[in-house]
Amino acid sequence: VISKFLLAVGLAIVMAVTGVSSYVYLGSRQSKATAPVQKPTAATPRAQAFTLPGTIYLAQAGALYSFSAGRFHQLTPEVGWTQPALYPDGSHLLAVKRSGFFSDVYVLTTYGGVVGQLTNNAASPRNSWDIGANAWSFYPRLSPDQRTLWMSYDGPKYAGAGYFDVDMAVWAIPVGGSIQQGRAWTVANNYTGGDMQPIVVPGGIIYTKYTYDQNGNRTGQLWFTNRAGSAGRALTSTDASCAQPSLSPDGGSLAMICTYQKQVSYLTIASWNGSGLGGLRTMITDQIVAQPTWAPDGSGIAYLAPGGPAAPFQLWFLGKNAYNPPPPPPVPTPSPSPGGPHNEPVPSPTPSPAPVAPVVKPIQVTFNLGFDATSPLAWLG
Amino acid sequence: LTTITLIVLAIALAAVAGGFAYFLPAAATALQETGQAATVPSPSPLSILFSPSPSPSPSPISQGAFTVLLLGSDDDSKFSADHVLTQSMILVRVLPATKQVVMLSIPRDLYVHLSTGGSGKIDGAYSYGSAGAAIATVEQDFGVHVDDYIWVGLLGLIKVIDAIGGIDIVTSNPVMDDYYPADVFSNDPYGYQRIAVLAGPQHLDGIHAMQYVRSRHSDLQSDYGRSKRQQQVLQAIRAKAKLLAPSDVPALATAIGGELKTSIGLDKVARLVPLAASFDNPDAIQQVLLLPPYAHSGAPGGSLTPNWGLILPLVHQYFP
């Protein structure tokens, strides 16, 4: 009787353990596609496999992070921070802090401490009843002399106006001044979302203008303008649908993304001579590329792209040999040899195949993270 | 020997029980949400007028083809249950033989004869008579046969996208809206919020994907532009769903519980899953929008006047 009792108890325990194990096992077999992203400071494996020069500033889940010597450091809490940009002298950061109904540009130390607020886009208390009286500021950049703030801005807003058309224009305001002291440099196309992501180049700005093409599709175009309020001129076609410009450290090339009005995003490079673009060179076509950013030392381009199909965005790096291959080694010319004892012509040497440049593949720097792909990277050399 | 057999049987039974417990929520949801019959009223004279004559025998290409009406709705507290508008209506034709899909977005503001009587915006059909009325309206006005329907509520779309870990989208332009309805996760169903879905490639969670597909105030193409975005998101969901494992199903079922209804039975779902996975060519998915001159503004109450002379040949080309 005792042995039967023990057998029953033992069996019950084994059954319970087996049932729970079966349940837990099935739970552990969930696909990685649904796994939540990790914080950069807690990611496994930690991003130490590949070290990039200098420090890159990125945004994830409303926090700013720095990445240097293969390590991430969290600079701000997760409260809506995005779109870091460097002061030209590298001393400070600009960044956007997004709240529910508005966003503002702040100055931060490179360690994330808030130094000051450059815009004030919340509706005034007397207009707070109208959410349309709030404004957005995005994509801040400073002029080389650090006295002018460039940004995309959807104001000025008037309470009760009831605008359904919200378009951003590129504005320039003096650092420390108010929006009333600023000027709109571009005139946005209606019902497009407007003009975004300005970058300061010698003699003007390059920015992404959203527009309707001849087929009624909304698409992005790079534009250049050198005067406030001037129309400027388009640098790329509506068909190419390019956006997110980034100027190389030597000022001679522009990196961008081009989507050709499809659910793709190609890393594209073109030469820039100060007034016009050369032909578009597509560098990466098998990834959804976002926010290409040149290394300050010219060693390559960092960008964001999914770590796998339909996955969150990771940090990637493309070495410069991919778009600027070293010149091939000189082909040794065969020294002519005398005809020898017979009178036949000297056989022409068999042409050796032209040296083929090795295919340079991009390197995935991070795994398991989920960077904000609408936030440009800032790279300090 | 009997004891050993008993032990083996007990362990096997326990393992099966564990698996059953794991998949129980999914099974319960599947039983509850699928196979919901839609009562389609008998055809009105109009439907007879517009219905194409049936082909004597299906061509090899259309072998096994079927048509599903996708319905997306407000399901917030502005409306009582089952009396909601369908903000999104997409007619999907699946051709398994050629692995092709055609998606026709029906403008929500299209002014049509409703199957329940009278005329009005087509998005009201569901509110007057649930899925059956929506199907009957589409069938009678567009002259097509709808095999099944899938209805998803606002929260359902958000939860589905979150449950699959988000989707990758290349947004063609910034989607800005100062008066976007704040009717989800809000105590005030008539409130507004400002949204700014920035342009470019990005990984969207459910809330932001919903903002991307739902906003129409800052789109010159209004509902047409929104239809394009809806089709983009549907394709992104499909791309992500292909990566899921069977073990993901319970979490997904828990997420969408109560936010999805379909007439497709479980047996058909089981057949469709491998079929959907085999559709791997994005170019084989054709998107059709009823842009002007297929419809134009000017109908009562800000609705759109359909140009049936153009719409019906187009529809019958893709939905024979």
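B:Pro293 sits in the loop between strand 12 (285–289) and strand 13 (295–299) of chain B. The bond that joins B:Pro292 to B:Pro293 is a cis peptide, with omega about 15 degrees. These values belong to a predicted model.

**Backbone exceptions**

Most residues other than glycine have a negative phi, and most peptide bonds are trans. The angles are set out below.

| Site | Feature | Angle |
|---|---|---|
| B:Pro292 to B:Pro293 | cis peptide bond | omega about 15 degrees |

**Chain A overall**

Chain A contains one helix and 24 strands. Its radius of gyration is 28 Å, whereas a compact globule of 381 residues would have one near 21 Å. Taken along the principal axes, the box filled by the C-alpha atoms of chain A is roughly 110 × 85 × 45 Å.

**The interface between chains A and B**

The size of an interface is often given as the accessible area lost when the parts come together. For chain B and chain A the buried area is about 4700 Å², with 64% of it on carbon and sulfur atoms. On the chain B side, B:Tyr179, B:Arg194 and B:Pro201 lose the most area to chain A, and together they account for 16% of what that side buries. In terms of contacts, 52 residues of chain B meet 64 residues of chain A.

Between the two chains there are 17 residue pairs in polar contact, both residues being at pLDDT 80 or more. The elements of chain B that each supply at least two residues to the side touching chain A are helix 1 (2–33), strand 7 (167–171), strand 8 (175–181), strand 9 (192–197), strand 10 (200–204) and helix 6. Helix 1 of chain B gives the most, with 13 residues. By class, the chain B side divides into 27 nonpolar, 16 polar and nine charged residues.

Over all chains, the whole structure has 10 salt bridges. One pair crosses between chains, from A:Asp154 in the loop between strand 9 (148–153) and strand 10 (169–174) of chain A to B:Arg194 in strand 9 of chain B. The closest N and O atoms of A:Asp154 and B:Arg194 are 2.7 Å apart. The count of salt bridges between chain B and chain A is two.

**B:Gln193**

B:Gln193 is also found in strand 9 of chain B. Leaving aside neighbours within four places in sequence, its contacts include A:Phe101 and A:Ile131 in chain A, together with B:Tyr179, B:Tyr180 and B:Gln211 in chain B. B:Val249 is 56 residues from B:Gln193 along the chain, and their C-alpha atoms are separated by 33 Å.

**Helix packing in chain B**

Helix 5 (residues 206–214) and helix 6 (residues 222–241) of chain B pack at an angle of about 145 degrees, their axes being 7 Å apart. Helix 5 contributes B:Tyr212, B:Val213 and B:Arg214 to the contact, while helix 6 contributes B:Arg226, B:Arg229, B:Gln230, B:Gln232 and B:Val233. The residues of this contact comprise three nonpolar, two polar and three charged.

Key: Residues are numbered from 1 along each chain as its sequence is written. Chains are lettered from A and ligands numbered from 1 in the order in which they are written. This is a predicted model: local features need pLDDT of at least 70, side-chain atom pairs count only at pLDDT 80 or more; totals for chains, interfaces and linings use all residues. Side-chain values use heavy atoms; hydrogens and water are left out. Axes are lines fitted to C-alpha atoms, for helices over the stretch in contact, and angles run from 0 to 180 degrees between N-to-C directions. Helices (H or I, at least four residues) and strands (E, at least two) are DSSP runs, numbered from the N terminus. Contact means heavy atoms within 4.5 Å. Ala, Val, Leu, Ile, Met, Phe, Trp, Tyr, Cys and Pro count as nonpolar, Asp, Glu, Lys and Arg as charged, and the others, Gly among them, as polar. Buried area is the accessible area (1.4 Å probe) that two parts lose on being put together, summed over both. A salt bridge is a side-chain nitrogen of Lys or Arg within 4 Å of a carboxyl oxygen of Asp or Glu. A polar contact is a pair of N or O atoms within 3.5 Å; within protein, one must be able to donate a hydrogen and the other to accept it, and residues adjacent in sequence count only if both atoms are side-chain atoms. The radius of gyration is taken over C-alpha atoms; the globule rule is 2.2 Å times the number of residues to the power 0.38.
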